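Good morning, colleagues. Please turn to the sequence and the structure on the screen, and I shall take you through a few selected side chains.

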Amino acid sequence: MKVLVPVKRVIDYNVKARVKADQTGVDLANVKMSMNPFCEIAVEEAVRLKEKGVASEIVAVSVGPTQAQETLRTALAMGADRAILVQTDQDLEPLAVAKVLKAIVGEENPELVLMGKQAIDGDNNATGQMLAALLDWPQAAFASEVVVEGGKAKVTREVDGGLQTIDVNLPAVVTADLRLNEPRYASLPNIMKAKKKPLDVKELGSLGVDTAAKLKVVKVTEPPKRSAGIKVETAADLVSNLKTAGVL
Amino acid sequence: MAVLVIADHDNATLKDNTHKVVTAAQAIGGDVDILVAGTNTAAIAAEAAKIGGVRKVLTAESAELGQGLAEAFQDLVVGLAGGYDAILTPATTQGKNFSPRVAAKLDVAQISDVIEVVSPDTFVRPIYAGNALETVQSSDAKKVLTVRPTAFKAAAEGGSAKVESVSAPAAPAKTHFVDQKIVKSARPDLGAAKIVVSGGRAMGSAEEFQKVIEPLADKLGAAVGASRAAVDAGYAPNDYQVGQTGKVVAPELYIAIGISGAIQHLAGMKDSKVIVAINKDPDAPIFQVADFGLVADYKTAVPELMGALG
């Protein structure tokens, strides 16, 4: 079974995003960038499926600038077999990314698309579900367990108030939630090996996909700041303060 | 103008999130309809019909809708989309599950997690874990939005909208429900609770989390939350997670115990009315947003707090 794993290069998880003074966006100049954490979980799950003998090939794909090659090399070092960069300097909306991924699915014919539920920059939580809709494939979003067997994936999903298990016929789109696994660190030998794995670069324009923006960013601002209150000395002080504030 | 709001319910009762999304719909303007899709829809629709200013309530009943299958919701909502200029869904896990499919089928953008309606085509939403707010203007003829319920006041009751049933879509051929484990709890729902008590990684174990956080929550009639670090470490289940990748809450009182205050956690609770932090590290970032901070080890502070509450 071939598994396609879309990955995104985003601001590093530990870096605090700062809004640009001109309100046009978030300042990403000289900021550490990494693979989106949910994408790492998706890569890890694909590698585990390969280690179990369920997946035969893992293709990582990214849609982004030339530097996204580094993100793809990370996926290759974790265990993906080859990588595709759809190169563009445009900042694409989730629907446009889903359309690009649909075109890649058409070329690669994977039986499973395994991807993160959400990127920590745009926080849209939409691309996987949109891809499933465009392909008319079943989806299992927010997966915390994936078992592939007999042409189906049995997926346990994080839902409001608990867990739900569904069966989806393959091919399908599965999006990874936090508890699916703990991604491995790539070892130095694997990082070296990853440099020799194939990485194919395509220009976005060569796919013939309409990626025009549907939203105009009017401005990006800082959220209102909450100021620190007071320190209390004892639990009893705390309770009396809360009573005064009318919340107890 | 007409706006369709997808109701939040558990196939038994209507959830308050619905009232809040109706408020967002009213800010867009025009006629507001509510869709109740699932099972036991007649009783839920009767509750939805009482929300003030609602034109009508539509019901669609099937087992697959009751199971929340995204493919079934997609077919139903896309089928109804012709009559609406905007489709608003609460940004719950269920809303996030199907709403992007609806947007993709309509070939429009989804505007996720809307916290403010500026005008019928312009909306504000948090990005970068709430470190920035993005104002976007949509050029799509139809708007598909998920709405963060905590950002809107619940619409008042007092209406008497008519209820109409619409036909449910065919069962999805390629997706099948297996089972569901919903944790039954006597505690209030995390998203709707007036008080939330949350524990962090300082708890050190699931046993300690249960021993410290849960009795305090029960004493206060509060819901239980957790930081991502505590969930990651296995001290608390994922649906307790408060933060940008978990639940966003805005209770009257939020008590953070042994939580350092990572930015992604703050994104999930900083709109609470009053925030209390109990942490032995005086430099923990959580104190920068707390109205009342108690620098103390939770091991002594929580029993004292229990005592002080009487």
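By a polar contact I shall mean a pair of N or O atoms within 3.5 Å, where, within protein, one must be able to donate a hydrogen and the other to accept it. Please bear in mind that this is a predicted model. The predictor gives the complex an ipTM of 0.95 and a pTM of 0.92. For chain B, the average pLDDT is 95, and 100% of the residues score at least 70.

I begin with B:Gln110, which is found in strand E5 (residues 110-114) of chain B. Is B:Gln110 buried or exposed? Its relative accessibility is 5%, so B:Gln110 counts as buried, the cut-off for that term being under 20%. Its side chain is joined to that of B:Ser99 by a polar contact of 2.8 Å. A second polar contact, of 2.9 Å, joins the side chains of B:Gln110 and B:Ser112. If we set aside neighbours within four places in sequence, the residues in contact with B:Gln110 include A:Asn124, A:Asn125, A:Ala126 and A:Met130 from chain A. On the chain B side, the contacts of B:Gln110 include B:Ser99, B:Pro100, B:Ala103, B:Val144 and B:Thr146.

I turn now to the aromatic rings. How many aromatic pairs does the structure hold over all chains? There are two. In one of them, the ring centres of B:Phe73 and B:Phe98 are 4.7 Å apart and the planes stand at 25°, so this pair is stacked; the cut-off for stacking is under 30 degrees. Because B:Phe73 belongs to helix H4 (residues 70-80) of chain B and B:Phe98 to helix H5 (residues 93-106) of chain B, the pair ties together parts that are 25 residues apart in sequence. B:Phe73 and B:Phe98 are both buried.

The other pair is formed by B:Phe209 and B:Tyr240, with ring centres 6.4 Å apart and planes at 35°, and it is therefore tilted. This pair, too, links distant parts of the chain. B:Phe209 lies in helix H6 (residues 206-220) of chain B, whereas B:Tyr240, 31 residues away, lies in the loop between helix H7 (228-232) and strand E14 (253-257) of chain B. Both B:Phe209 and B:Tyr240 are buried.

Finally, I come to lysines placed over rings. Which ring face does A:Lys231 lie over? It is that of B:Phe287, with 4.7 Å to the ring centre. Within chain A, A:Lys117 lies over the face of A:Phe142, at 5.9 Å from the ring centre.

How values were computed: Residues numbered from 1 in each chain as written. Chains lettered and ligands numbered in written order. Predicted model: local features only at pLDDT ≥ 70, side-chain atom pairs only at ≥ 80, totals over all residues. Heavy atoms only, no water. Phe/Tyr/Trp six-rings, centres within 6.5 Å; stacked < 30°, edge-to-face > 60°. Helix = DSSP H or I, 4+ residues; strand = E, 2+ residues; numbered from the N terminus. Buried < 20%, exposed > 50% of the residue type's maximum accessible area, 1.4 Å probe, protein only. Lys NZ or Arg CZ within 6 Å of the ring centre and 35° of its normal. pLDDT = per-residue confidence, 0-100. Contact = heavy atoms within 4.5 Å.
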